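Morning, everyone. Today I want to talk about aromatic rings and the charges over them. Let me put the model up.

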Amino acid sequence: QVQPVESGGGLVQAGGSLKLSCAVSGSIFSPSVMGWYRQAPGKLRELVATITSGGSLNYAAAVKGRFTISRDNALNTVYLQMNSLKPEDTAVYYCNAQIYFGSEAGNYWGKGTLVTVSS
């Protein structure tokens with residue numbers, strides 16, 4: 001069973017940095033698209049950043065220039081380097097993996113990791 005597992009969340013002061021990791025297990029294929037989404041209390045889940053297997057990037061305007069997404073296809077792992085963190089970045093961050101081909105095709109979510117940015 002395909003399962004993304006996040007790690008790296010925690011508490012950080014405004015202006016600080018954190019790096020999130022997400023390893024996708026149970027898949028013989030490297031996901032076509034991997035990404036990060038976040039959900040703050042009382043708000044809808046929103047896109048943070050995505051990266052394709054070919055390296056194409058997409059960022060939300062709110063994080064562009066501060067966050068960097070990357071991936072290691074050999075390890076089926078995606079990373080999110082978060083710099084210059086702001087209190088409004090506080091949210092549960094979810095890893096997403098989309099597999100387009102084969103019997104594992106589907107849209108998979110991790111359980112989330114909490115990022116708290118104090119002012």
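Which residue lies over the face of Trp109? Arg45 does, at 4.6 Å from the ring centre. The cut-off: a charge sits over a ring if NZ of Lys or CZ of Arg is within 6 Å of the ring centre and within 35 degrees of the ring normal. Lys19 lies over the face of Tyr79, at 4.8 Å from the ring centre.

Quick word on method. This is a predicted model, so local features need pLDDT of at least 70, side-chain atom pairs need 80 or more, and totals for chains, interfaces and linings use all residues. Numbering runs from 1 along each chain as its sequence is written, and side-chain values use heavy atoms, without hydrogens or water.

Now the ring pairs. Searching the whole structure gives two aromatic pairs. Rings of Phe, Tyr and Trp (its six-membered ring) pair if their centres lie within 6.5 Å; planes under 30 degrees apart are stacked, over 60 edge-to-face, the rest tilted.

Take Tyr37 and Trp109. Their centres are 5.0 Å apart and their planes at 70 degrees, so this pair is edge-to-face. It links distant parts of the chain: Tyr37 is in strand S4, residues 33-39, and Trp109 in strand S10, residues 106-109, 72 residues apart. Strands here are DSSP runs (E, at least two residues), numbered from the N terminus.

How accessible are they? Tyr37 is buried at 18% relative accessibility. Trp109 is partly exposed at 31%. Buried means under 20%, exposed over 50%, partly exposed in between, with a 1.4 Å probe and protein chains only.

Then Tyr100 and Phe101. Centres 6.4 Å apart, planes at 75 degrees, so edge-to-face. Tyr100 is partly exposed at 48%. Phe101 is exposed at 59%.

Methods
Helix = DSSP H or I, 4+ residues; strand = E, 2+ residues; numbered from the N terminus.
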